[in-house]
Amino acid sequence: MGPITLSADVKSSSVSVASSDACNKKMRNSMLERRKPFASVSTGEEKPFDFFRTLFEGFIAGGTAGVVVETALYPIDTIKTRLQAARGGGKINLQGLYSGLAGNLAGVLPASALFVGVYEPTKQKLLKLFPENLSAAAHLTAGAVGGMAASLIRVPTEVIKQRMQTRQFTSAPDAVRLIVSKEGFKGLYAGYGSFLLRDLPFDALQFCIYEQLRIGYKAAAQRDLNDPENAIIGAFAGALTGAITTPLDVIKTRLMVQGSANQYKGIFDCVQTIVREEGPPALLKGIGPRVLWIGIGGSIFFGVLESTKRFLAQRRPTTFPQNSGTKQD
């Protein structure tokens, strides 16, 4: 009888140990789920459909937000550009504040769509790779990657827009034709280096500040943010980033609008010439309109972006229940 009792005890012990291991595994998984940053996604098995849906929704949301904010704030951007392009104490012309809007929208739509379309899946991938305390690095990197992709469309759009804003051309097709004929195809990418110098830090900082503020606010409120709250956070992130990057914006504007005159030989020559001829304060030209424009623009952009993302998420097919627990920010 003794061996039989011992055998029963061993079996019972094995079942108990297996049950204990299973419970411990579930507890560890549960703890890992709770430790994830708010902006991350579930760590379940990845599906190609999920990636392409995130990419598609990013395209739609980014394009919508970009067109809305550009149309609403184009006059302020025009004033800012003319202030920065004016040398010395030159006066600016307040006529034709919507000059070049149609052509600009043709570039803003795909550029904004491409930026967010690249940013969203990149962010989600990096948030799963990075530890929670490095979520800011994930947002910074994703913002820079999105900005680099969008720059291929943004730069020609910006060149044409700013030359029309400074009344060098009357229509976008004429601008493209004359720029290419006089300066070659590379004329459409005038100031590309300075554009990246401004926009990569700007994109990375703005989206990092926005995402980190959302994470902190969401943790404090213990709930999802509503549209007005997203808009306020977006306004603050945009205004702060806009102020910090104003000198880079001035340099970029001067290089882009100089045309074939080639007043500046490059970024460093541009900085030296501005400081020597106009003084250091010239590097902050247009900071008022820029902070106002980007602050309001950030409010509109992120408000529309989050609203559109939520609208698209609510209309996802219900045949994929594994996505129901996924957090999309």
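This is a predicted model: local features need pLDDT of at least 70, side-chain atom pairs count only at pLDDT 80 or more; totals for chains, interfaces and linings use all residues.

Entry one, the cavity lining. I looked up which helices line the largest cavity, and I found that α2 (48–85), α3 (101–129), α4 (135–165), α6 (192–221) and α10 (287–314) each supply at least two residues of that lining. I then checked the volume of the largest cavity, which comes to about 650 Å³. There are 30 residues in its lining, and I noted that E70, S112, R154, F202 and W293 are the closest to the centre.

Entry two, a pair of helices. Two packed helices are described by the angle between their axes and by the distance between those axes. For α4 and helix α5 (residues 172–183), I read that the axes come within 10 Å and cross at roughly 105 degrees. Because angles of 65 to 115 degrees count as roughly perpendicular, I wrote down α4 as roughly perpendicular to α5. On the α4 side of the contact I listed V159, I160, R163 and M164, which meet A172, A175, V176, I179 and E183 in α5. By class, this contact of α4 with α5 has seven nonpolar, no polar and two charged residues.

Entry three, the database record. In UniProt, an unreviewed entry places the feature "transmembrane region" at residues 55–76, 97–116 and 136–155. I checked residues 55–76 in the model and found the chain there to be 100% helix and 0% strand, with the end C-alpha atoms 31 Å apart. Residues 136–155 are likewise 100% helix and 0% strand, and their end C-alpha atoms lie 27 Å apart.

Terms used: Residues are numbered from 1 along each chain as its sequence is written. Side-chain values use heavy atoms; hydrogens and water are left out. On a 1 Å grid over the protein atoms alone, a cavity is a set of points where a 1.4 Å probe fits but cannot get out, and a pocket is an open set with protein on both sides within 12 Å along at least five of seven lines; lining residues have an atom within 4 Å of a point. Grid points are joined across faces, edges and corners, and a volume is the space filled by probe spheres set on the points. Helices (H or I, at least four residues) and strands (E, at least two) are DSSP runs, numbered from the N terminus. Axes are lines fitted to C-alpha atoms, for helices over the stretch in contact, and angles run from 0 to 180 degrees between N-to-C directions. Angles under 35 degrees count as roughly parallel, over 145 as roughly antiparallel, 65 to 115 as roughly perpendicular and the rest as oblique. Contact means heavy atoms within 4.5 Å. Ala, Val, Leu, Ile, Met, Phe, Trp, Tyr, Cys and Pro count as nonpolar, Asp, Glu, Lys and Arg as charged, and the others, Gly among them, as polar. UniProt positions are given in the numbering used here, feature names are shortened, and annotations may be inferred rather than shown by experiment.
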